[in-house]
Amino acid sequence: MKDGTHITRVVCILFCTIILSSNMLHAQSSRERGTQNQKEELLQGIDRWSFKTNALDWMLTIPNASVEFDLSSSPYNRSTMGVSGRYNWNTWHKFKPSTVFDIWEVKPEYRYYWKPRPKGPRSGRTAISALIEKDNPKEWRAYWLGLYASYGGYSMKFLDLGWQGLQASAGLTFGYGMPLYDWADKGTIDVEFGVSVGCMFSEYENFTHNADGGFYSYVQGSHKDWHILPFPVMTEIRVAFAYRTKSIK
């Protein structure tokens, strides 16, 4: 009786092993067929890079540029790392102006992109996707949600008193992109709309402008050490143009 029970257990184990092995081989075969079907669609080389500039910063006379790299070669699973920079510091003037707007910043950024799903059953939708996705989504849009950190300096004076110092911030970035112009085999121009909101640390001191002497003077005792601002700060409003060899759509 014990021998029969032992043999039964062995047979059951072998049977389960064969079933699991068969399922694994079938899954592997399906993945390989999917890979072969999508082989030509994989992002390769320059296809994984994006080159961007924020039009709103240019309107504020701040030269800027950013670059973004796809962490995956699949166009259907897009996580990216990027870095942006803007610089408008101590521009040349014949006379020291009473209005100052100088800024420089470096910002690394991680993004995860996704697209709205077509109209269908709602049972599988999460609470977040239900808020964002519509019954008739615009499938040529791609949304992103990500994290950013930044470090930079600023010198600003619009009234009698100016502020000059350093800042560091971190927070969330979100928005969406869509195709704007297609050059066929030469690449595409996409447009992005988004914002970045986060916590900001800063240290600064005040200064004034001497109109007669044409120079700036720091205000004694105005220096404030690093501190966190007690409210969220919108660090960027983004209306950017992105060059890609393959459109975000």
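Mentor: Helices (H or I, at least four residues) and strands (E, at least two) are DSSP runs, numbered from the N terminus. The model is predicted, so local features need pLDDT of at least 70 and side-chain atom pairs count only at pLDDT 80 or more, while totals for chains, interfaces and linings use all residues. Residues are numbered from 1 along each chain as its sequence is written, and side-chain values use heavy atoms, with hydrogens and water left out.

Trainee: In which strand does Tyr110 lie?

Mentor: Below 20% relative accessible area a residue is buried, over 50% it is exposed, and in between it is partly exposed (1.4 Å probe, protein chains only). With a relative accessible area of 30%, Tyr110 is partly exposed. Its element is strand S4.

Trainee: Which strands each supply at least two residues of the nonpolar patch?

Mentor: Patch residues have over 30% relative accessible area and no salt bridge; like charges are joined within 9 Å, and nonpolar side chains (Val, Leu, Ile, Met, Phe, Trp, Tyr) within 5 Å. Here the members are Leu71, Met81, Tyr110, Tyr112, Leu145, Leu147, Leu172 and Phe174, with about 720 Å² of accessible area together, an area from the Shrake-Rupley method with a 1.4 Å probe, for which only the protein chains shown count as cover. At least two residues each come from strand S4 (100-114), S5 and S6.

Trainee: How many aromatic pairs does the structure hold?

Mentor: Rings of Phe, Tyr and Trp (its six-membered ring) pair if their centres lie within 6.5 Å; planes under 30 degrees apart count as stacked, over 60 as edge-to-face and the rest as tilted. By that criterion the number of pairs is nine.

Trainee: Is the pair of Tyr143 and Tyr176 stacked, edge-to-face or tilted?

Mentor: The two ring centres are 5.7 Å apart, and because the planes stand at 50°, the pair is tilted. It connects distant parts of the chain, as Tyr143 is in strand S5 (residues 142-157) and Tyr176 in strand S6 (residues 162-182), 33 residues apart. Tyr143 is buried at 16% relative accessible area, whereas Tyr176, at 21%, is partly exposed. The class of the pair is tilted.

Trainee: Which residues do ring pairs link into a cluster?

Mentor: Tyr176, partly exposed at 21%, also forms a tilted aromatic pair with Phe193, 5.6 Å centre to centre and 40° between the planes. That pair links strand S6, which holds Tyr176, with strand S7, which holds Phe193, across 17 residues. Phe193 is partly exposed at 30% relative accessibility. The cluster consists of Trp114, Tyr143, Tyr176 and Phe193.

Trainee: How far from the centre of the Tyr176 ring is the charged end of Arg141?

Mentor: A charge sits over a ring if NZ of Lys or CZ of Arg is within 6 Å of the ring centre and within 35 degrees of the ring normal. Lys107 is placed in this way over Tyr148, at 5.2 Å from the ring centre. For Arg141 over Tyr176, the distance is 4.5 Å.

Trainee: How far apart are the closest N and O atoms of Glu192 and Lys52?

Mentor: A salt bridge is a side-chain nitrogen of Lys or Arg within 4 Å of a carboxyl oxygen of Asp or Glu. Lys52 is buried at 7%, Glu68 is buried at 5%, and Glu192 is buried at 1%. In the bridge between Glu192 and Lys52, the closest N and O atoms are separated by 2.8 Å.
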